[in-house]
Amino acid sequence: MKKKNNLPSLIEKKTESEYANVKGIIFDIKRYAIHDGPGIRSTVFFKGCPLRCWWCHNPEGLRPEIEKILIEPGDKSGQQYRIIGEEKTVKSVMDEITGEVLFFDESGGGVTFSGGEPLMQPDFLKALLFFCQKSGIHTAVDTSGYAPYDIIESIIDMVDLFLYDLKFLDPELHAKYTGMDNRLIISNLKKLDGRAKKIIIRFPIIPEITGSKKNVEQISQFIASLHHTRDIDLLPYHQFAQKKYQRLNIINRMKAIPEPLPPQLLEEIKHHFESRGFRVNHGESNE
Ligand code: SF4
């Protein structure tokens, strides 16, 4: 169900069997993931995102609906298609996840809900978190933070770790490069930090865009103003998704940005955050 402003709202489910039958659309479940939170994890990728970041590495997760894309052009007989996205019940996703619990237990891992934007399908997310919690599985939610706060509040006690994207402090730059301004994202992050939740900030480094000295300084000043959040994952930009943009017929606005990321820029930004007392890791982007 969607509100008029296009943000999702939450439908309360009452019984366990109702939770098990909630359906959602995902486009992948990645096993043995090691960059989406602690330990070895399974990452569930939700389809649909309210943002349109220029550098998004998962363009197949942007549209909320199941899509059919052409992977082999040619005459009609030679054309090959691939279906992106699948509707699944919570029960079927949990069946896949619980097969991996031994790896989770041995490595201190768990499940990460990513996307797309998992908060775009709040009932599905909430029901999955409910069963993970019941099974003692560590949970992480990888989010842009662009959702009504009541949705975040409704899941907060079932989430062990938030991986929270922070791209720009300037609302106009945020709107230019992601399609939406960042006021809701900033406000939600402050509230979440106020609840003393475990949060790791995920900062994508895009040369000449997010990686500017001014933006890095603004981001570090903002994080310093939070009361509990001191961990940052740096996500160096790469162009692995270029082909996906062609196949999905989505304009790739990042063609002019060279890769790999200059190591010097990564080191400078890492040093900047570390010298201000933050714990910094190099992550790998789902972004
Ligand atoms: S980078 Fe993340 S927040 Fe941005 S469009 Fe892609 S999935 Fe959405």
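## A walk through the sheet and its helices

In this predicted model, α2 and α4 are oblique to each other, a word used here for angles that are not under 35 degrees (roughly parallel), over 145 (roughly antiparallel) or 65 to 115 (roughly perpendicular). Helix α2 covers residues 90-98, and it packs against α4 at an angle of about 40 degrees, with the two axes 10 Å apart. Axes are lines fitted to C-alpha atoms, for helices over the stretch in contact, and angles run from 0 to 180 degrees between N-to-C directions. Helices (H or I, at least four residues) and strands (E, at least two) are DSSP runs, numbered from the N terminus.

Who touches whom here? From α2 come Val 90, Val 93 and Met 94, and from α4 come Phe 124, Ala 127, Leu 128, Phe 131 and Cys 132; contact means heavy atoms within 4.5 Å. The residues of this contact divide into eight nonpolar, no polar and no charged. Ala, Val, Leu, Ile, Met, Phe, Trp, Tyr, Cys and Pro count as nonpolar, Asp, Glu, Lys and Arg as charged, and the others, Gly among them, as polar.

Now follow α4 to the sheet. α4 lies across β1 (23-33), β2 (41-46), β5, β6 and β7, running at about 175 degrees to β6. The sheet is open and has nine strands in the order β5-β1-β2-β6-β7-β8-β9-β10-β11, with mixed pairing; two strands pair if DSSP finds at least two bridges between them. At the edges stand β5 (86-89) and β11 (279-282), each with a single partner strand, so one side of each has no neighbour in the sheet. On average, neighbouring strands are turned by 30 degrees against each other, direction ignored. Inside the sheet, β7 (residues 138-143) and β8 (residues 161-165) pair in the parallel sense over four bridges, and Asp 142 stands opposite Leu 163 in β8.

The loops deserve a visit too. Between β6 (110-114) and α4 (122-134) lies Gly 116, and the peptide bond from Gly 115 to Gly 116 is cis, with omega near 15 degrees. Ala 196, in the loop between α7 (183-194) and β9 (199-205), has a positive phi near 60 degrees although it is not a glycine. In the loop between β9 and α8 (213-225), Glu 208 also has a positive phi, of about 65 degrees. Is each of them buried or exposed? Ala 196 is partly exposed at 46% relative accessibility, while Glu 208 is exposed, at 68%. Buried means under 20% relative accessible area, exposed over 50%, and partly exposed in between (1.4 Å probe, protein chains only).

Residues are numbered from 1 along each chain as its sequence is written, and side-chain values use heavy atoms, with hydrogens and water left out. Local features need pLDDT of at least 70 and side-chain atom pairs count only at pLDDT 80 or more, while totals for chains, interfaces and linings use all residues.
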